[in-house]
2 protein chains.
Amino acid sequence: MDESASTGTLGKAIAVLDAIARAGQPVRFRDLRNMIGQPPGTLHRNLSNLMKEGLVRTNPDNSYALGYRLLTFASAAWASNRFREIAEPHLRELHRQTDETVHLGVLEGLEVVYLDKVESRQAVRMHSQIGKASPAYCTGVGKAALSILPHVDMRIRVNSLSFHAFTPKTIVSAQALEEELGIIADRGFAFDDEEHETGIHCAAAPIHSPDKSFVGGISVTAPSYRVSRQQLEQWVPLVIEAAHEINSDIGIKLGPRA
Amino acid sequence: MDESASTGTLGKAIAVLDAIARAGQPVRFRDLRNMIGQPPGTLHRNLSNLMKEGLVRTNPDNSYALGYRLLTFASAAWASNRFREIAEPHLRELHRQTDETVHLGVLEGLEVVYLDKVESRQAVRMHSQIGKASPAYCTGVGKAALSILPHVDMRIRVNSLSFHAFTPKTIVSAQALEEELGIIADRGFAFDDEEHETGIHCAAAPIHSPDKSFVGGISVTAPSYRVSRQQLEQWVPLVIEAAHEINSDIGIKLGPRA
DNA sequence: AGCGTTGTTCCATATAATGGAACTTCGTTT
DNA sequence: AAACGAAGTTCCATTATATGGAACAACGCT
């Protein structure tokens, strides 16, 4: 695709942040050198600047990790997000109806970023999923969102994907995905049938702002062993209804042009 | 603090992000111009670059908001944070013992950033507090953390504070704060007696890595109407014990030099 | 203790940011 | 609806900053 327009100095600095994020654990200077080919002097200065800004911190063993200020930015981003705010009561209602985990996600390029989550038992990590980015092609929310894109846009994205078989059921070809998206577009909802994680399936429906500047989806997720496919199918009308209400609310609360 | 060393281009870009974050709502181009005095061309390019990087997004009405990628970075920062991970079971235990809200925070300059939270009823917004930055001088965790800093460092920070009386009980002078921090340092724990928010008080204890590269605290917070000062005082040993265990675990799990 | 590796500093050069000004677009008023 | 003013965008010569090779320092391993 056309990534022609460069973001210059900022891009290099963010590339460093991104490398640290992708590592998923504290990384050493040399690891970063291997991940992004910046020369020592440059990398060192980038890290130094990022540290001064609080976006990167060091551990005593000279390993680098993401800084706490990122949490502060994310907190602000989350708290001020109107779409999330509008969707929230509907997520709660959907959760009340199903007693299963409900997600709100937004399409960002080829990925879905989860904006909110309501889950039954706060069992494990409540917030761990917020902000998590997952591939759009193997998640319910992602497929639902892709399905409502203008055809040209959708094809461009589908054709720039590189597929990975997370499970035996993961869709791994552009043709198969396009076909699936066509079906989803027609019926207005998507299933994720253990395509991202074995034992987990979900039903999802797309949401969007009137002008499609915001495209995402909501889903009800459950473990296959506990919730049957039939049960999931019975929830579809609820998911769709919630999605429609969110769309309607966005139109009302953000104005007709939103 | 000595912020003398500039972060150049990156700093200007982050200043834009920060301005959007501080606004707490979508802002227009002209608002940003007023907040940070960047000339139109420069501001426009900064915004444009930040958008290409996914750190800023636009609403249809040309207002700017924080981008979703910030959530992804924060998610990674949170998930990979060893201190938080180590503290977590102790936060849960403290919560089990008190049945009130328990916080973990880290000192960042003059502020406290909340890294984790365990609360009784997941009533309102579970994650809303994670990543939130609050002034160190009027929060239990903040005062506890400040109290264990080397004296020089502490004085520098205290003297660069600008105080704001959030409530009638807020400490608003460097002298009073230093005195309070001395008391806290001696006894090893802090109270926040409605200093940040009327009707909310808490008991806190400092935590830190052996080399003080990480300095923070934990607290039990409760509404004054429901939990008396006496009750809070009875919890102090529990808070201190949890803090000691966290300190010990950090020493063990991150190695003696951590 | 010595050596190889990892991380840091320096500086002439190349590159990207700067910001004034001209231009376009949008929203508002008459 | 047209005209006006304000908001936002583009352009480009100038200036400031990033670049990265190389020399240097610190660390950790045997």
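# Exercises on a two-chain model with DNA

In the surface near DNA strand D, α3(A) is the element that gives the most, with five residues. The model is predicted.

**Exercise 1.** Describe the surface near DNA strand D by its closest residues, its elements and its residue classes.

*Solution.*
- Step 1. DNA strand D is surrounded by 19 residues, and the closest are A:Pro39, A:Gly41, B:Gly8, B:Phe29 and B:Gly41.
- Step 2. Two or more residues each come from α1 and α3 of chain A, and from α1 (8-23), α2 (29-35) and α3 (40-52) of chain B.
- Step 3. Sorted by class, this surface has five nonpolar, 10 polar and four charged residues.

**Exercise 2.** Determine which relation superposes chain A on chain B.

*Solution.*
- Step 1. In general, two copies of a chain are related by a rotation about an axis and a shift along it.
- Step 2. Here the rotation is 180 degrees and the shift along the axis is 0.0 Å, with an RMSD of 0.0 Å.
- Step 3. The relation is therefore that of a two-fold axis.
- Step 4. Both copies use the same surface, since 100% of the contact residues of chain A recur in chain B.

**Exercise 3.** Work out which elements of chain A make up the side that touches chain B, and how its residues divide by class.

*Solution.*
- Step 1. The contact joins 46 residues of chain A to 47 residues of chain B.
- Step 2. On the side of chain A, at least two residues each are supplied by α1 (8-23), α3 (40-52), β2 (64-66), α4 and β3 (101-108).
- Step 3. Of these elements, α4(A) gives the most, with 10 residues.
- Step 4. The residues on this side divide into 24 nonpolar, 16 polar and six charged.

**Exercise 4.** Classify the packing of α4(A) against α4(B) and list the residues that make the contact.

*Solution.*
- Step 1. Helix α4 covers residues 69-79 in chain A and residues 69-79 in chain B; the two helices pack at an angle of about 135 degrees, with their axes 8 Å apart.
- Step 2. An angle over 145 degrees would count as roughly antiparallel, and 65 to 115 as roughly perpendicular. At about 135 degrees, α4(A) is therefore oblique to α4(B).
- Step 3. The crossing of α4(A) and α4(B) is left-handed.
- Step 4. From α4(A) the contact takes A:Leu70, A:Leu71, A:Phe73, A:Ala74, A:Ala77 and A:Trp78; from α4(B) it takes B:Leu70, B:Leu71, B:Phe73, B:Ala74, B:Ala77 and B:Trp78.
- Step 5. By class, the residues of this contact are 12 nonpolar, no polar and no charged.

Terms used: Residues are numbered from 1 along each chain as its sequence is written. Chains are lettered from A and ligands numbered from 1 in the order in which they are written. This is a predicted model: local features need pLDDT of at least 70, side-chain atom pairs count only at pLDDT 80 or more; totals for chains, interfaces and linings use all residues. Copies are superposed by least squares on the C-alpha atoms of residues with pLDDT of at least 70 in both. Two residues are in contact if their C-beta atoms, placed from the backbone, lie within 7 Å. Axes are lines fitted to C-alpha atoms, for helices over the stretch in contact, and angles run from 0 to 180 degrees between N-to-C directions. Helices (H or I, at least four residues) and strands (E, at least two) are DSSP runs, numbered from the N terminus. Angles under 35 degrees count as roughly parallel, over 145 as roughly antiparallel, 65 to 115 as roughly perpendicular and the rest as oblique. A crossing is left-handed if the near helix is turned anticlockwise from the far one by less than a right angle, and right-handed if clockwise. Ala, Val, Leu, Ile, Met, Phe, Trp, Tyr, Cys and Pro count as nonpolar, Asp, Glu, Lys and Arg as charged, and the others, Gly among them, as polar. A residue is near a molecule or strand if its C-beta atom, placed from the backbone, lies within 6 Å of it.
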